[in-house]
Amino acid sequence: MAEKKGLTVKLHFDFNGSRCLEVEYNPNKWARVTAETFRSYLGNRRILNVDDTKNVFYEEYQGPVYCYMSNMICKSPIPGVNYIEGESAENYVSKRFKSKLKSI
């Protein structure tokens, strides 16, 4: 299904996406996110390290910020999820969800 939207490139993940990935959306307020959102979020990011079950801790992630659903490094200074220039979150929402948004 991704091919219909032109998403044919395999995304680079510079971290273990199976771990608990969190972003700070407000000061001292963290939310768990998907790997796709985590890699494109400009702001504080952290990963739960559970290599040793007796010593579980969060580690800050300082890796690159990619544009959402692409392998282009983002140069935007705007905090939050970054998209390719000229695109918005609506381009990645299903048609069914778009129709629900219009009816609200």
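This is a predicted model: local features need pLDDT of at least 70, side-chain atom pairs count only at pLDDT 80 or more; totals for chains, interfaces and linings use all residues.

User: What makes up the protein chain, in helices and strands?
Analyst: The protein chain has two helices and six strands, and from the N terminus on they run β-β-α-β-β-β-β-α. These elements are DSSP runs numbered from the N terminus: a helix is H or I with at least four residues, a strand is E with at least two.

User: How do you know that β4 and β5 pair?
Analyst: Two strands pair if DSSP finds at least two bridges between them. Strand β4 (residues 45-49) and β5 have four bridges in the antiparallel sense, so they qualify. One of the contacts to look at is Asn 49, whose bridge partner in β5 is Phe 57.

User: What about β1 and β2?
Analyst: Strand β1 (residues 21-26) also pairs with β2 in the antiparallel sense over four bridges. Val 23 stands opposite Ala 31 in β2. The two strands form a hairpin with two residues between them, and Asn 28 in the turn has a positive phi of about 65°.

User: Which strands form the open sheet, and in what order?
Analyst: Four strands form it, in the order β2-β1-β4-β5, with antiparallel pairing. β2 (29-32) and β5 (57-60) stand at the edges with a single partner strand each, so one side of each has no neighbour in the sheet. On average, neighbouring strands are turned by 35° against each other, direction ignored; the axes behind such angles are lines fitted to C-alpha atoms, for helices over the stretch in contact, and angles run from 0 to 180 degrees between N-to-C directions.

User: Why is the pair of Phe 15 and Phe 38 called edge-to-face?
Analyst: Rings of Phe, Tyr and Trp (its six-membered ring) pair if their centres lie within 6.5 Å; planes under 30 degrees apart count as stacked, over 60 as edge-to-face and the rest as tilted. The count by this rule comes to four aromatic pairs. Phe 15 and Phe 38 are 4.9 Å apart centre to centre, with 70° between the planes, so edge-to-face is the label. Phe 15 is in the segment before β1 and Phe 38 in helix α1 (residues 35-39), 23 residues apart.

User: And why is Phe 38 with Tyr 61 called tilted?
Analyst: Their centres are 5.4 Å apart and the planes make 45°, so the pair falls in the tilted class. Phe 13, Phe 15, Phe 38 and Tyr 61 form one aromatic cluster.

User: How do you know that Phe 38 is buried?
Analyst: Buried means under 20% relative accessible area, exposed over 50%, partly exposed in between (1.4 Å probe, protein chains only). Phe 38 has 0%, so it counts as buried. Phe 15 is at 13% and counts as buried too, as does Tyr 61 at 13%. Of the 104 residues in the protein chain, buried ones make up 26%.

User: What makes the nine residues a nonpolar core?
Analyst: A nonpolar core is a set of buried Ala, Val, Leu, Ile, Met, Phe, Trp, Tyr and Cys residues joined through side-chain atoms within 4.5 Å. The largest one here has nine residues, among them Phe 15, Leu 21, Val 23, Phe 38, Ile 47 and Tyr 61. β1 and α1 are the elements that give it two or more residues.

User: Is Arg 45 buried or exposed?
Analyst: Arg 45, in strand β4, is at 3% relative accessibility, so it counts as buried. Leaving aside neighbours within four places in sequence, its contacts (heavy atoms within 4.5 Å) include Glu 22, Trp 30, Phe 38, Glu 59 and Gln 62. The C-alpha atoms of Arg 45 and Gln 62 are separated by 7.5 Å, at 17 residues apart along the chain.

User: How do you know that Arg 46 sits over the ring of Trp 30?
Analyst: The rule wants NZ of Lys or CZ of Arg within 6 Å of the ring centre and within 35 degrees of the ring normal. The charged end of Arg 46 sits over the Trp 30 ring, 4.0 Å from its centre. Arg 46 also lies over the face of Tyr 58, at 3.8 Å from the ring centre.

Terms used
Residues are numbered from 1 along each chain as its sequence is written. Side-chain values use heavy atoms; hydrogens and water are left out.
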